[in-house]
Amino acid sequence: MTDTATIEETDVNVDQSAKEAYFTAGQGQLIWSRFKKQRAAMVGAGVLILLVLSGLFAPFLTPYDPTIEGRNADYQNGAPNIPKFWDENGFSFRPFIYTYERTRSIETNFRWVTKVNRDKRRYVVLFPEGDKYTLAGITFRTHLFGVDEGKIHLFGTDATGKDIYSRTFHSINTSLAVGTIGVLIAFVLALIIGGVSGYYGGWTDSVLQMITDAVRTVPAIPLFMAIAAFIPDTVSSEGRFFIISIILGFIGWPTLARRVRTHLLTERNQEYVLAAQLCGASPGHIIGRHLLPSFTSYIIVDLIISFPYMVLSETALSFIGLGLKEPVNSLGVMLQNVTKADVLLNYQWNFIPVIFFIVLVLAFVFVGDGLRDAADPYADTKK
Amino acid sequence: MSDVLIEARNLSVHFPLRRLGFGERPVVRACEGINIEIEKGSFFGLVGESGSGKTTLGRAMLKAAPISLGEITYSDTDVTYDLGSLKGLELKEYRKRAQLIFQDPYAALSPRMTVRDIIAEPLEVMGITSSRAETDEKVREIAAKCRLNLEHLRRFPHAFSGGQRQRISIARALVSDPKFIVADESVAALDVSIQADVLNLLNSIQEESGITFLFISHDLSVIAHTCNFVAVMYLGQIVEAAPTHKLFSETAHPYTRALLSAIPSLDPDVRGHAQKLEGEIPSPINPPPGCRFNTRCPHAQERCRTEVPEWREMSSGHHVACHFSEELSAEFGT
Amino acid sequence: MTSPLISVKDLTLRFKTDEGLVTAVNNVSFDIAPGEVLGLVGESGSGKSVTAKALMMLNAENSVYDDNSHITLNLDGEDIEVLSLKRPQDQMIIRGGAISMIFQEPMASFAPAITIGDQMVEQLLIHSDMTPAQAKDISIEMLTRVGIPEPAQRFGQYAFEFSGGMRQRAMIAMALSTKPRLLIADEPTTALDVTIQAQVIELMKDLVDEFHMSILFITHDLGVIAQTVDRVAVMYLGNLVETGTVRQVINSPAHPYTRGLLNSLPKLDDLEAPLTPVPGDIPSPLDRPSGCVFHTRCVESGAIAEKCRTEIPVYSSDSANHQVACHLATQGEQS
């Protein structure tokens, strides 16, 4: 046992205000402070924000129009052009690429052959004027970078000469948009059906649960094939885009609805709900003021976690040809190209979008996991 | 009797359960044939073990549990309500006058609301105050009465200890100026050193504002110190009810006697004197016939197994339901 | 003077939390002799459950034991240093072997989907090398011993088919089937009705005599302590404030906290007496008071309040076996 203790010099004021901050912290702030401590989640969040922004500003970040209009007819199935600073002809501060010339002659059996001209350099320029695009209703022409002559293809081109780099970034946008619409629709449906089911219980709950289970057992692929067959070809690619999103939403709500229902069923038996009822509060007030805030955190986590599934579903569908088609860009559409053996053997750069796709899904998953861990501890600050 | 605030006549509360297989639907007979009168301004104690139905009775008096048979009447100076048929505006009015303090201080406060909002909620929902300033004023007044630090009003419940949370619960119950408060095991979850504090607070509130309290607990010693009238429940029925001092000095029912003796004495030299009741508490779905206590009563006779004892008055204010209370009372005599 | 069955010296335990290192147990020392019932009394935050779990190394992963903490188990003349047992095979001796534990919530302590009998047999098979048939016989015998009617039938039932009191008895049966030397009972009667509580306390006292085992009885209920234990240790906010025989502590409490606790209890023999709580609230473990850990709520410090605020009192004994950590008490002895 210690005999005497020295008086500890603590900075009482600093301590006090930190404690006060903890005591008055609302739920959102508590979750954020816990989330910040998880490195994987913070990295995931950073990457996610980066990807989302690059998707939003894709037209600016990429040099060319991703559609058939921006294609480079002279450089089809071309390898990626990596800018260099130095080669046998000397050093240059400005990065440059080589000129590729396409020739056809009797020597090559009249096939188009691409030749590299290492002496003719093309310098990379920043902020050139390029293809037109619109962002938020305003038309711009400036892109982030380009070359002084011809075109630069950082990720190479595909069979028709479209720049893969440009297509990748635009496709992130599309996939995210489809995912968002799908998740929103699923969410609204889940809230209504799961909410009513959970709050009222009894017969309402049993019937709604049967419906939910029935919907969940519908196999997705055959359903999509059927619906895809029904969508007439006359529907524009945008229209197709929306229909696919809506269908994804309608398939995705059962899982979310079940979560909402479970949350509500447990929460509505809590004593503070009874306390509110004893004041004569209406069900609307109870749901809005007590129940919803208690599981907002869980719902947000659920939303974020279902996002990658939406993106995956859309990609898978587009990949097998049932979802979006050319000329709409999405990661799945881009992956359609890689099924040919030719591509696998010779034009491997077509796989680069896959890396982006994996990174995007992983980022979502890390953020979702981190949020879930951050949200849960709040529930057990009990004795 | 104009000074009776709440009266229950032949009250029964039954909860039907899911039918398992065929046959009759099982029913939990939570309360059966209850007759009590709670006087205005009294601190009425309701004591019992698990399955006694005391919580259900308390909830029924707040119209938070269904009344299957019998009636509960609330009579105040200006209004009289029959709880069985209460609805609409009258129900809203009743809600202002009758409030509940919960047992578990951790589950009774909404974790996502500040203390100020929690206390203010009844005012806002019931429309008692008309402006935010008025609400704030009232909240501050009640918080001070419950000895809550006014700076803490901005905090969330997770910042507080059990005893403080219970005081917040009490403040919430008081804010609508109720006439009747049911305190359901309100100190059971608190540490002993804090229990006394909360009990004293309840007592001082009662003395100051004349609110009638129904204090439910399983702890007879706590009840003995705070209540002026006690009713003992066993398996859904009241077996004995008397002013506190009479319950202790003229115990008439064998269950009350057993309950008293089972309380562990603080004297280490008085050991092994606890009367041990054999057997377990029966299930309220299938209560024993006749006197429900007969399966465990050390004095049970044949009559107890067949005939339900009558609820009768032994002496002024002292009621008991036992066939042999006169003989036993003499035997128990302290 | 027989050596103690288990000896705890300078046990200090901290937890790593979001808010920093929180001290749960601070320099606690006590001994339990064979066949003795020691009561550990304290309220929430006192650290009594954590101390008990330390004896079986059951604390969470984020627990940090101080280097000079020692828990020594004396089994048949051999000393085992509990805190240095790292491998699960070694830890078996303290988990269900020589030391067994029963908990407050018997419903939560039994696996709901496995029969009681299977769980009891599993416990026996882990700690001994008997056959399952032998284990079953011993289990049914234990069930009979704790007073469960129709034990053979109950052996095959599930936890939800038992009532609260019976579950607690079954729990005791399971804990005792391995014939432990020390039984740790963590609030075993708190969740039970008072008439059932009396039965269970009686049972435990009988078993102490019959099995010659020691019990570490943890509770906040001083009445139960008075009825059950031989010696008492009082804890407050992780510190041990008073230890002594049950008569010493209850009849002549030496620490202001113990006095405060006893005074705040409603007593049946004096219904008119007012209830005097211990003022204030238990400080949060994040906010440990300086000096004497109880000084923020002590009403008796009076003239020496300054000393109580700055100096930690030494744990000293005034008479044989009665120890207290209080400046007021030690001052009283000196004068």
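Mentor: Strands (E, at least two residues) and helices (H or I, at least four) are DSSP runs numbered from the N terminus. This is a predicted model, where local features need pLDDT of at least 70 and side-chain atom pairs count only at pLDDT 80 or more, while totals for chains, interfaces and linings use all residues. Residues are numbered from 1 along each chain as its sequence is written, and chains are lettered from A and ligands numbered from 1 in the order in which they are written.

Trainee: How many residues of strand E9 of chain B are buried?

Mentor: Strand E9 of chain B spans residues 229–234. It is largely enclosed by the rest of the structure, because the number of its residues that are buried is six of the six.

Trainee: Which strand pairs with E9(B) in the antiparallel sense?

Mentor: Two strands pair if DSSP finds at least two bridges between them. Strand E3 (residues 43–48) of chain B pairs with E9(B) in the parallel sense over five bridges, with B:Gly48 opposite B:Met233. The antiparallel pairing has six bridges, and the partner is strand E10 (residues 237–243) of chain B.

Trainee: Which residue in the turn of that hairpin has a positive phi?

Mentor: E9(B) and E10(B) form a hairpin with two residues between them. B:Tyr234 stands opposite B:Gln237 in E10(B). In the turn, the residue with a positive phi, about 50°, is B:Leu235.

Trainee: Which helix gives the largest share of the side of chain B that touches chain C?

Mentor: Contact means C-beta atoms, placed from the backbone, within 7 Å. By that rule, 36 residues of chain B are in contact with 35 residues of chain C. Several helices of chain B each supply at least two residues of this side, including H5 (162–174) and H6 (192–209). The largest share, seven residues, comes from H6(B).

Trainee: Is C:Ile218 buried or exposed?

Mentor: C:Ile218 is found in strand E9 (residues 214–219) of chain C. It has 26 C-beta neighbours inside 10 Å, so it counts as buried.

Trainee: How far apart are the C-alpha centres of the two domains of chain A?

Mentor: Chain A is divided into domain 1 (67–155) and domain 2 (166–380), with bounds from an automatic or database domain assignment. Their C-alpha centres lie apart by 40 Å.

Notes
A residue is buried if 20 or more other C-beta atoms lie within 10 Å of its own, exposed if 12 or fewer, and partly exposed in between; C-beta atoms are placed from the backbone. Two residues are in contact if their C-beta atoms, placed from the backbone, lie within 7 Å.
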